[in-house]
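Biologist: I'd like to learn how to read a structure like this one, feature by feature. Could you walk me through it?

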Amino acid sequence: AQSVTQLGSHVSVSEGALVLLRCNYSSSVPPYLFWYVQYPNQGLQLLLKYTSAATLVKGINGFEAEFKKSETSFHLTKPSAHMSDAAEYFCAVTMNSGYSTLTFGKGTMLLVSP
Amino acid sequence: DVKVTQSSRYLVKRTGEKVFLECVQDMDHENMFWYRQDPGLGLRLIYFSYDVKMKEKGDIPEGYSVSREKKERFSLILESASTNQTSMYLCASSSLGTDTQYFGPGTRLTVL
């Protein structure tokens, strides 16, 4: 069984501030982990994924995430928020089989103020 | 680029109507998925398919069925729509042997 917990349904930051979105996972096997972003009225877009190579993963738009097995975490960060980062972010986990389904967290809405 | 398209962005139906939501992908992906998205609940898997004419139940299949007659097309069917099926429906696809899913823009369904 696998699950994902995203801490905080809403996170507010000022433009230029550090973005930190938290994700903890539970998986009975070594997981693959994903972050997706959803802009208003759009589908989900892949930001980055961890597939057991480097523990620090860089994604699009300046985001990165670090896989920490000891903490069962995969938090998403960006050094400096832009107004255009305002969106909903989803963490997801899957078993690394290529045949399994994704289990999503409940999402975190990122609000960026000027 | 992978493209996943959904037949409607917005749909309004009456209680009891039969509703078809269509999804088409153009990347020859074997796997296709239907999710519903509700505020505070994230994405929940309804059905998925690994091959033509094949389907598997997800976490919340009750009240839904699916059809996959061609590899590129995956349809979600609400046999008798109810107000609690008002939601955003998202289709996704992925290639066999990979876990990265590509999403369509979604269909916002309102059942009155």
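Biologist: Is Asn41(A) partly exposed or buried?

Modeller: Look at relative accessible area: buried means under 20%, exposed over 50%, and partly exposed in between, with a 1.4 Å probe and protein chains only. Asn41(A) has 48%, so it is partly exposed. One caution: this is a predicted model, where local features need pLDDT of at least 70 and side-chain atom pairs count only at pLDDT 80 or more, while totals for chains, interfaces and linings use all residues. Residues are numbered from 1 along each chain as its sequence is written, chains are lettered from A and ligands numbered from 1 in the order in which they are written, and side-chain values use heavy atoms, leaving out hydrogens and water.

Biologist: Where is Asn41(A) found, and what is its phi near?

Modeller: Asn41(A) belongs to the loop between β4 and β5 of chain A. Strands are DSSP runs of E with at least two residues, helices are runs of H or I with at least four, and both are numbered from the N terminus. As for phi, most residues other than glycine have a negative value. Asn41(A) has a positive one, near 60°, and is not a glycine. Chain B has a case too: Asp28(B) also has a phi near 60°.

Biologist: And where is the place of Asp28(B)?

Modeller: Asp28(B) is in the loop between β3 and β4 (31-38) of chain B. With a relative accessible area of 53%, it is exposed. Its backbone nitrogen lies 3.2 Å from a polar atom of the Gln25(B) side chain. That's a polar contact: a pair of N or O atoms within 3.5 Å where, within protein, one must be able to donate a hydrogen and the other to accept it, and residues adjacent in sequence count only if both atoms are side-chain atoms.

Biologist: What else does the side chain of Gln25(B) reach?

Modeller: The backbone oxygen of His29(B), at 2.9 Å. Gln25(B) sits in strand β3 (residues 19-25) of chain B. At a relative accessible area of 3%, Gln25(B) is buried. Setting aside neighbours within four places in sequence, Gln25(B) is in contact with residues including Lys3(B), Met32(B), Arg68(B) and Ser93(B).

Biologist: Where does Asp85(A) lie, and which residues is it in contact with?

Modeller: Asp85(A) lies in the loop between β8 (73-78) and β9 (87-95) of chain A. Although in a loop, Asp85(A) is buried, with a relative accessible area of 2%. Leaving out neighbours within four places in sequence, its contacts are Phe63(A), Lys78(A), Ser80(A), Leu110(A) and Val112(A).

Biologist: How many residues are in the largest nonpolar core?

Modeller: A nonpolar core is a set of buried Ala, Val, Leu, Ile, Met, Phe, Trp, Tyr and Cys residues joined through side-chain atoms within 4.5 Å. The largest has 27 residues, and those touching the most other members are Trp35(A), Leu48(A), Phe74(A), Leu76(A) and Tyr89(A). Among the elements giving two or more residues to this core are β3 (19-27), β4 (31-38) and β5 (44-50) of chain A. A second, separate core of 20 residues includes Val4(B), Cys23(B), Leu76(B) and Val111(B).

Biologist: How many aromatic pairs does the structure hold?

Modeller: Rings of Phe, Tyr and Trp (its six-membered ring) pair if their centres lie within 6.5 Å; planes under 30 degrees apart are stacked, over 60 edge-to-face, and the rest tilted. There are 15 pairs over all chains. Take Phe33(B) and Tyr35(B): their ring centres are 6.4 Å apart and their planes at 25°, so they are stacked. Both Phe33(B) and Tyr35(B) are buried. Ring pairs also link them into a cluster with residues of chain A, including Phe34(A) and Tyr36(A).

Biologist: What does the secondary structure of chain B come to?

Modeller: Zero helices and eleven strands. Of its 112 residues, 49% count as buried. Its C-alpha trace spans about 40 × 25 × 25 Å along the principal axes.

How values were computed
Contact = heavy atoms within 4.5 Å.
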